[in-house]
Amino acid sequence: MRRGSVIGPLILIGIGGLFLLRNVWPEIPLVDIIAKYWPFVLIAWGGLRLIEILLWATLSKPIPRNGISGSEWMLVFLICIVGGTMYTARHYTAWFPTGRAFHGMVMDFGDSYDYTLAPVEKPCAKNCKVLIESFRGNAKITGSKDATTVNASGRETVRSFQQADADKANKEMPLELIQQGDQIIVRTNQDRVSDRTRATAELEITVPIGSSVEGHGRTGDFDIQTLNGNVDINSDNAGVRLESIGGDVRVDLRKSDIIRAIGVKGSVDLKGHGQDVELQNIDGQVTVAGTYTGQIQLSNLAKPLRWEDSQISVSCEKLPGQIHMGLGEFTADNLIGPIRLNARSRDIQISDFSQALDLTLERGNIDLRPGKNTPKIDVHTRSGDLELALTEGSKFDLKASTDRGEVHNDFGAPLRVDETNHGATITGGSGGPQLRLETGRGALTVRKASADEVTLPPDTPKPPKPIRQ
Amino acid sequence: MNDISYNLIQAIRGPIMLIALGSLVAMDYFGVYGFGRTWPILIILFGVLKLLEKVTARPVVQDSGPAGGSAI
C-alpha cells in the first residue's frame, strides 16, 4: 500500500469487521454477501484513492506517479479471481464441468443443516416386502414381532451454501411410504433437490419380523436386524451389517468398507468390491464372488463355502472353525470336506482338517497341520517353504519334494530323504492317504505334530485309534 | 500548470480504471449489462486517459546542439 494512504488501514478494518460480523451473527449469509458485493470494494477503493489524489493536488502536496501501484493491481487481480469464483459457485452451477465437482465443493465449503423427518407409517402383511429406494445415507431396519405396520422416521442432513436452499430442499423431499401391491416402498425423494444442495438421511425403519427387505443406496450403511425374510442390498458404496436374518442374504456392492453377517439361516451371496468381510454362524451356503482387500473373517459356516476372488479361491464343505484372510496371509482352522485352495501370493497356514486338501499356490510359504487322521493332500507351489506336521502313528504315504532348497526330516522313520541335484525328496509312510507336496524353490520340512496341534473340534466325533505298525 | 495536469491525470488513471472495473462487474451482477458486453469500455477509458496524458504533457524541446554551432 502507498505510504500516507488510508486504503490499507481501511481494508484491514473491513476484513476484521466482516469476521466480527460472522462471529456475532453467524446466521448472516456472509459468503453470499461477499460473492455479490465484492465489486463495490473496487469502486470504493478507486473512489477513495481518487479523492486522496485530488486532495493532495489541492493542498499542493506531491502527487504519486501512479495512482495504483503494481502490487496494488496484483491485489485487485486476486480480489477479482476470488470474488468471481465465489459468485460463479453461488449462481451458475452449470458453469462447472460436472455436477459432481459442485457437489464436492458443497461438501467442502457448504454448511450442514439438520432436519427431523416426519415419521410415516403404513399397514402391511406379516411377510410383506419392503423396498428402500436408492438414497444417500444410512438405514437401520429392525424386525419386530408385534409390528403390523412399516414405520419409518429419522433425520435428514442437508449441505448447502445457504440455509434458504437447505430449507427449500428439506421441504421438497419428504419421507414417504408407498404401497404397491404387497410391497411397501420407502422413498426419500432426494433426487428432487437441485445440485446446489446435498442431502443424506439417517433412517430408522421398523418392519414386521417376517418381512423381506430390498435396499438400494448410493452412499451409506445398511444395518439390518432380526428379520425372518430375505435381505437384498445393492449399493454403490455401503457398509452392511446384518444380524439374525431368517432368509437368504444377497449383497451386491460396488464399494464397501465392511460386510458383516452374523446369524443367517439362509444362504449368503456376496458380489462386488470392498474391504472387510465378516461372516459368522451362517446356516446356508456362502458364495462370494468379488474382490475384497481387507480383513476377511469367516467362522462357523454350516454349509459349503465357495469363495472366488481375483487373488484367491477357496472352497470347503463346512467350516466349524474359522478362516482368516488378510494381506498376504491365509489362516484356516478346523475345516471339513474336500478343501480346494488356489492362490497367487500369500502365506498359507491350515490346521485341523481331516478331508482331502488340494492346494495350488504361485508364491508363499505353506504350513499344514492336519488333524489326527491325516487326509489326502495335494500341494504345489512354485516358490515358498513347505512345512507339514504329522501326528505320530497316523497312516500316510508321503512324497514331498523341493527342486531347490533344504530338506528337514524331523519326523524320522519311516520317512527317508533322497538328495537330488539342488533339492531333495522325502518319501515313505505306513500306507494310507497319499500326501503329495511339491515346491519349486524353498525349504521342505516334515515334523511331528505337538500334542496341542492335534486337538479335535468338540463337534467332531473322535476318530478310531490308529493301529501302530 | 501543464506539469501539474499531466501528473494529476497520470495519478488518477489507476483509480478511475479501478472504479470502472468495479462498476462494470457490479452492473453485471445486478443484471444491468453483462460484463461480457461492456468490457471494451475499459480499453476505451484507458485510451482516453492516455490521450489526456499526451495532451497535457509538456512539449518536447528539440535540442539544437551547443551554442556557437558545430565544430565541423
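Modeller: Chain A and chain B bury about 1,800 Å² between them, and 80% of this lies on carbon and sulfur atoms; buried area is the accessible area (1.4 Å probe) that two parts lose on being put together, summed over both. On the side of chain A that touches chain B, the elements giving two or more residues are α2 (30-37), α3 (39-58) and α4 (70-91) of chain A, where helices are DSSP runs (H or I, at least four residues) numbered from the N terminus. The largest share, twelve residues, comes from α3(A). By type, the residues of this side divide into 19 nonpolar, six polar and three charged, with Ala, Val, Leu, Ile, Met, Phe, Trp, Tyr, Cys and Pro counted as nonpolar, Asp, Glu, Lys and Arg as charged, and the others, Gly among them, as polar.

This is a predicted model, in which local features need pLDDT of at least 70 and side-chain atom pairs count only at pLDDT 80 or more, while totals for chains, interfaces and linings use all residues. Residues are numbered from 1 along each chain as its sequence is written, chains are lettered from A and ligands numbered from 1 in the order in which they are written, and side-chain values use heavy atoms, leaving out hydrogens and water.

In contact (heavy atoms within 4.5 Å) are 28 residues of chain A and 19 residues of chain B. Between the two chains the count of salt bridges is zero, a salt bridge being a side-chain nitrogen of Lys or Arg within 4 Å of a carboxyl oxygen of Asp or Glu. Over all chains, the whole structure has 19 salt bridges.
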